[in-house]
Amino acid sequence: MPDLTYRQRLLVLGICCMSLLIVSLDNTILNVALPSLQRDFHSGVSGLQWTIDAYLVVIASLLLLSGSTADRIGRKRVFQSGLVVFTVGSLLCSLAPSLGWLIAFRMVQAVGGSMLNPVAMSIITNTFSDPRERARAIGVWGGVVGISMAAGPIVGGALVESVGWRSIFWINLPVGLAALLLTARFVPESRAPRARRVDPVGQLLVIALLGTLTYGIIEGADAGWTSPLIIGCFVVAALAVAALAVYEPRRKDPLIDTRFFASAPFSGATVIAVSAFAALGGFLFLNTLYLQDQRGLSALDAGLYMVPMALMCLTFAPLSGRIVGSRGPRLSLALAGAAMTASGVLFAALDAQSSDALLFTSYVLFGIGFGLVNAPITNTAVSGMPRAQAGVAAAVASTSRQVGQSLGVAVLGAALAAGLHEGAWWIITGCGLSVLVLGLLTTGRWARGTAERTAAALMTPEADRAAESRATVGAS
């Protein structure tokens with residue numbers, strides 16, 4: 001990648017953030033529209049879960065492939081392809097004649113979405129090479145999530161009430177086209193020094209794992225948890241995990257480089273991402289249905305109720321980036337875990353939905369926690385890794401987010417369908433506690449030592465190849 005001025009780097013950051021904005025807006029707006037979809041398509045809870053999880057499962061399945069492909073053939077090229085597919089998928093979603101077609105078109109969106117956020121993050125990490133600048137850039141990136149959370153419920157609620165749920169997908173069209181044109185003009189092409197080969201077996205195993213696990217959780221309540229179909233799904237998921245553990249370490253260029261997980265901070269960031277985004281997915285799903293179905297609020301009013309959470313996320317995401325840049329990830333993760341845990345306890349133990357004061361307090365706490373958690377996840381995932389591996393490392397972090405969110409919607413939706421409303425909130429509390437505990441355990445001196453040893457191990461093959469090349473040149 002050519003050297004860019006500071007202003008040029010900021011422009012690249014802004015363009016990358018546009019892709020994050022449309023993907024994040026799509027999720028927050030869709031949550032507000034769920035009751036409208038339920039009425040129009042006469043859908044049950046599982047149908048609503050699939051409108052979210054079909055997207056999340058596909059995007060999680062393809063993120064690693066997209067990250068390694070971008071490192072191989074060019075990040076700008078893959079990013080532009082993602083913008084085209086996502087924009088076309090959004091148009092198709094707005095035209096869906098039935099719930100089944102909407103779910104199918106959401107999967108088209110997901111194919112494009114898988115080429116956006118992890119590739120954009122890889123572009124950012126290669127554009128901002130200074131660790132402090134990178135941490136601040138990642139903080140801005142996290143702030144865009146806050147913007148989408150703040151704007152999504154209000155804009156989505158207004159559109160659903162005035163025009164209808166189909167209009168929520170129209171927003172992606174002008175933003176996607178603008179990002180496509182700006183990318184062509186201002187974003188330089190970059191790729192990893194050495195191309196990574198495609199891993200079709202690993203890719204199929206990841207798809208089998210995520211698809212069968214999500215299907216089993218969502219459909220278990222209706223089909224019966226002991227039915228052959230559901231048991232078979234969980235068996236296939238377990239076999240896929242075992243096969244990945246055996247197969248991937250034997251490949252020269254694996255889809256999932258298991259050596260990454262020897263780094264305690266990287267492994268911790270992966271589990272923290274799953275936990276935090278499972279809490280987010282379940283939190284939005286449960287509250288959207290509660291506010292509109294039980295309180296009888298309109299889509300716009302329900303969106304306004306959740307603005308305190310979104311504003312806190314918007315405020316604390318960039319602050320977290322600065323904290324990580326100056327003091328490391330430990331403080332942000334500890335505060336994030338504590339805030340998310342406290343929010344879950346207010347719902348699970350103190351019935352936060354019984355009064356507006358408790359409800360808004362829990363929203364504020366959750367927004368603070370989620371705003372703080374994003375920057376340390378991404379920073380920990382890519383920091384210490386060789387820049388040539390940035391795309392894969394960022395893709396693992398993004399995959400963890402999507403897996404977490406899909407599991408959150410699946411598990412908490414299943415708990416809601418089974419009548420375990422209080423249990424669903426205890427699950428969210430447990431997710432917050434996981435962020436707190438792992439944030440403290442995986443950011444100390446011992447953990448940093450494992451990260452340094454992992455980075456050295458990842459660099460060894462490249463160093464060996466470079467030495468071999470120099471020896472060849474010397475001999476000639």
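Serine 406 sits in helix H15; helices here are DSSP runs of H or I with at least four residues, numbered from the N terminus. This is a predicted model, where local features need pLDDT of at least 70, side-chain atom pairs count only at pLDDT 80 or more, and totals for chains, interfaces and linings use all residues. Residues are numbered from 1 along each chain as its sequence is written, and side-chain values use heavy atoms, without hydrogens and water.

Back to serine 406. Is serine 406 buried or exposed? Serine 406 is buried, at a relative accessible area of 4%. Buried means under 20%, exposed over 50%, partly exposed in between, with a 1.4 Å probe and protein chains only. Beyond its neighbours within four places in sequence, serine 406 contacts Asp53, Leu56 and Val57. Contact means heavy atoms within 4.5 Å.

Next, aromatic rings. The structure holds 15 aromatic pairs. Rings of Phe, Tyr and Trp (its six-membered ring) pair if their centres lie within 6.5 Å; planes under 30 degrees apart are stacked, over 60 edge-to-face, the rest tilted. Take tyrosine 305 and phenylalanine 360. That pair is tilted, with 5.2 Å centre to centre and 35° between the planes. Tyrosine 305 lies in helix H11 and phenylalanine 360 in helix H14, so the pair ties together parts 55 residues apart in sequence. Tyrosine 305 counts as buried at 18% relative accessibility. Phenylalanine 360, at 28%, counts as partly exposed.

Now phenylalanine 347 and tryptophan 425. Why is this pair stacked? Because the ring centres are 3.8 Å apart and the planes are at 10°. Phenylalanine 347 is in helix H13 and tryptophan 425 in helix H16, 78 residues apart. Phenylalanine 347 is buried at 5%, and tryptophan 425 is buried at 1%. Both pairs belong to one aromatic cluster, with Phe283, Tyr305, Phe347, Phe360, Tyr363, Phe366 and Trp425.

On to the largest cavity. Its volume is about 320 Å³. A cavity is a set of points on a 1 Å grid over the protein atoms alone where a 1.4 Å probe fits but cannot get out; lining residues have an atom within 4 Å of a point. The lining has 23 residues, with Leu20, Ser24, Asn117, Val145 and Phe277 nearest the centre. H15 gives the largest share, six residues.

Last, confidence. The chain averages a pLDDT of 86, and 92% of the residues score at least 70; pLDDT is the predictor's confidence in each residue, from 0 to 100. Over residues 461-476 the pLDDT is below 50. Where pLDDT is low, the predicted coordinates should not be read in detail.

How values were computed. 1 Å grid on protein atoms, 1.4 Å probe; cavity = no way out; pocket = protein on both sides within 12 Å on 5 of 7 lines; lining within 4 Å. Points joined across faces, edges and corners; volume = space filled by probe spheres on them. Helix = DSSP H or I, 4+ residues; strand = E, 2+ residues; numbered from the N terminus.
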